[in-house]
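Subject: Structure handover

Hello,

Here is the structure for you to look over. My notes follow below it.

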Amino acid sequence: MTPETRLNFTLPLLLYIATATTGLIDAISYLALGHVFTANMTGNVVFLAFAVAGAPGLSITRSLTALAAFLIGALIGGRAATRLSERVRPNWITTALIMESALLLVATLAAISFRDSSGSSFQLYSIIVLTACAMGIRNATVRKMAIPDLTTTVLTLTITGFAADSRFAGGTSPRWRRRLLAVLLMFFGAVIGTLLLRRSVVLPLATATLLSICCVVISMKQRIALARRAAS
């Protein structure tokens with residue numbers, strides 16, 4: 001297997017893990033942080049509109065905070081990709097993954113003793129900001145990677161492609177396994193996040209952090225392998 005082939009295998013693997021992580025983060029943010037999304041900005045913008053219109057159980061402040069933190073994260077991720085992408089490709093990917101993992105780790109620590117969205121405002125908004133910023137960095141990085149049907153956050157186009165490009169629609173069903181796996185991974189990530197939330201917010205956040213760290217390790221190993229091959 002050539003270095004480029006390994007890279008082409010490793011990048012989808014990273015994004016599969018990241019997709020499952022998104023399911024965890026969505027479960028945490030919606031169920032424990034007061035009906036707000038910190039990974040899925042499509043849903044968050046809609047929640048913001050509902051809150052502006054006076055729908056009960058939603059918060060303009062929480063939604064705006066998540067949106068602002070996500071934008072800051074995307075700015076950081078985009079800047080890192082622009083400055084580092086001229087080097088060996090995995091360098092900026094690893095850097096982005098490390099930043100995501102660090103933010104999720106701090107969010108996990110901030111969630112210790114957290115009970116629900118009616119508790120400490122500082123603790124609540126700290127978790128919102130940290131997770132949304134981490135997901136902003138991730139989404140900017142994934143956008144730069146541009147691997148089809150693996151956005152890790154929004155599945156609308158993935159599901160649309162699954163049906164619209166299927167043989168039933170006259171297509172050839174390209175990448176149907178990748179599309180199906182992405183949907184299943186986010187589903188199971190959300191299920192696991194929901195189950196872990198029954199115990200505490202820390203558990204699903206810690207799980208998301210560990211998954212993100214796994215991505216860092218995989219990316220670093222790939223980076224080392226490519227560096228050795230280039231030097232030989």
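A polar atom of the Ser59 side chain lies 3.1 Å from the backbone nitrogen of Arg62. That is within the limit for a polar contact (N or O atoms within 3.5 Å; within protein, one able to donate a hydrogen and the other to accept it; residues adjacent in sequence count only if both atoms are side-chain atoms). Ser59 sits in the loop between helix 2 (41-52) and helix 3 (60-84). Helices here are DSSP runs of H or I, at least four residues, numbered from the N terminus. Ser59 counts as buried because its relative accessibility is 14%. Buried means under 20% relative accessible area, exposed over 50%, and partly exposed in between (1.4 Å probe, protein chains only). Beyond its neighbours within four places in sequence, Ser59 is in contact with Ala51 and Tyr125. Contact means heavy atoms within 4.5 Å.

Before going on: this is a predicted model, where local features need pLDDT of at least 70 and side-chain atom pairs pLDDT 80 or more, while totals for chains, interfaces and linings use all residues. Residues are numbered from 1 along each chain as its sequence is written, and side-chain values use heavy atoms, with hydrogens and water left out.

Next, helix 5. This helix covers residues 121-145, and its end C-alpha atoms are 36 Å apart. Of its 25 residues, 19 are buried. Ala146 follows helix 5, with a positive phi near 55°.

How many salt bridges does the structure hold? There is 1, counting a side-chain nitrogen of Lys or Arg within 4 Å of a carboxyl oxygen of Asp or Glu. Glu100 and Arg138 form a salt bridge, at 3.1 Å from N to O. It joins distant parts of the chain: Glu100 is in helix 4 (residues 90-110) and Arg138 in helix 5, 38 residues apart. Both Glu100 and Arg138 are buried.

Last, the aromatics. The count is 5 aromatic pairs. Rings of Phe, Tyr and Trp (its six-membered ring) pair if their centres lie within 6.5 Å; planes under 30 degrees apart are stacked, over 60 edge-to-face, and the rest tilted. Phe37 and Phe47 are a stacked pair, 5.2 Å centre to centre with 10° between the planes. Phe37 lies in the loop between helix 1 (3-32) and helix 2, and Phe47 in helix 2. Phe37 and Phe47 are buried. Together with Tyr30 and Phe50, they form one aromatic cluster.

Best wishes

Note on methods:
Helix = DSSP H or I, 4+ residues; strand = E, 2+ residues; numbered from the N terminus. Expected span 1.5 Å × (residues − 1).
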